[in-house]
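Q: Let's go through this model together, one label at a time. Please set each value against the rule behind it.

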Amino acid sequence: MVSSAWLLVLLNSLDGIATYVGISLMIITEANPLLAELDPFTILIIKLYLSTFLSVFILQHPMQLFGRGFKNLLGFANMCYLLVFSSHVFWIGLSLAY
C-alpha cells in the first residue's frame, strides 16, 4: 500500500508539470473548474504542494493502519491520474510533432 501512495505522489507531481507545460504552450486547457481560472504556475505550485503534503502524510502515518477501502481509494486515484497524465503526454506530444 505504501508503494501505491508513493505512486500517487509521483503521478500528481507529473500531472502538475504536464499541466503547466501544456497550458503554457496553449496546447491543453485545465478541465478542473476549481483550477481553470488560475494561471499555470499557480496550478503547478498547488499540485506540488499537495504532493508534498501527501509525502509528509505517508512518512508520518503507517499505511497498515488504513483499511481495504483506503487501499482501493489509492488504486482508483492512481488509475485516474495515470489516465489524465497519459492524456496530457499524448496531446502535448501530438502537438509538438506537428
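A: Happy to. A helix here is a DSSP run of H or I with at least four residues, numbered from the N terminus. In this predicted model, H1 is followed by Met26, whose phi is positive, near 55 degrees.

Q: What does the secondary structure of the protein chain come to?
A: There are three helices and zero strands. Along the sequence, that reads as α-α-α. The C-alpha trace spans about 50 × 25 × 20 Å along its principal axes.

Q: How do you know that the span of H1 agrees with its number of residues?
A: The expected span is 1.5 Å times one less than the number of residues. For the 23 residues of H1 this gives 33 Å, and the end C-alpha atoms are 33 Å apart, so the two agree.

Q: What about the span of H3?
A: H3 has 30 residues, which should span 44 Å; its end C-alpha atoms are 43 Å apart, and that agrees too.

Q: Why is H1 called roughly parallel to H3?
A: Helix H1 (residues 2–24) and helix H3 (residues 68–97) pack at an angle of about 30 degrees, their axes 9 Å apart. Angles under 35 degrees count as roughly parallel, so H1 is roughly parallel to H3. Their crossing is left-handed.

Q: Which residues make the contact, and how do they divide by type?
A: H1 contributes residues including Leu7, Leu11, Leu14, Ala18 and Val21, while H3 brings, among them, Leu74, Tyr81, Leu82, Phe85 and Ile92. The residues of the contact of H1 with H3 divide into 14 nonpolar, six polar and one charged.

Q: What makes H1 and H2 roughly antiparallel to each other?
A: The axes of H1 and H2 come within 8 Å and cross at roughly 170 degrees. Angles over 145 degrees count as roughly antiparallel, and H1 and H2 therefore get that label. The residues of their contact divide into 17 nonpolar, seven polar and two charged.

Q: Which residues of H1 are buried, and what do they pack against?
A: The buried residues of H1 include Ala5, Leu8, Val9, Asn12, Asp15 and Gly16. They pack against helix H2 (40–60) and H3. An α-helix has 3.6 residues a turn, so residues three or four places apart point the same way.

Q: Which residues are buried in H3?
A: Leu74, Ala77, Asn78, His88 and Ile92. What covers the buried residues of H3 includes H1.

Q: Why is Lys47 called buried?
A: Lys47 lies in helix H2. Buried means under 20% relative accessible area, and Lys47 has 10%, so the label applies. Setting aside residues up to four places away in sequence, Lys47 touches Asn12, Asp15, Gly16, Leu35 and Tyr81.

Q: How far apart are Leu54 and Val9, in sequence and in space?
A: They are 45 residues apart in sequence and 6.6 Å apart in space, C-alpha to C-alpha. Leu54 lies in helix H2. Contact means heavy atoms within 4.5 Å; leaving aside neighbours within four places in sequence, Leu54 is in contact with Ala5, Leu8 and Val9.

Q: How much of the protein chain counts as buried, and what share of the contacts joins residues 24 or more positions apart?
A: Of the 98 residues, 30% count as buried. Among contacts with a separation of 6 or more, residues 24 or more positions apart account for 75%.

How values were computed
Residues are numbered from 1 along each chain as its sequence is written. This is a predicted model: local features need pLDDT of at least 70, side-chain atom pairs count only at pLDDT 80 or more; totals for chains, interfaces and linings use all residues. Side-chain values use heavy atoms; hydrogens and water are left out. Axes are lines fitted to C-alpha atoms, for helices over the stretch in contact, and angles run from 0 to 180 degrees between N-to-C directions. Helices (H or I, at least four residues) and strands (E, at least two) are DSSP runs, numbered from the N terminus. Angles under 35 degrees count as roughly parallel, over 145 as roughly antiparallel, 65 to 115 as roughly perpendicular and the rest as oblique. A crossing is left-handed if the near helix is turned anticlockwise from the far one by less than a right angle, and right-handed if clockwise. Ala, Val, Leu, Ile, Met, Phe, Trp, Tyr, Cys and Pro count as nonpolar, Asp, Glu, Lys and Arg as charged, and the others, Gly among them, as polar. Buried means under 20% relative accessible area, exposed over 50%, partly exposed in between (1.4 Å probe, protein chains only).
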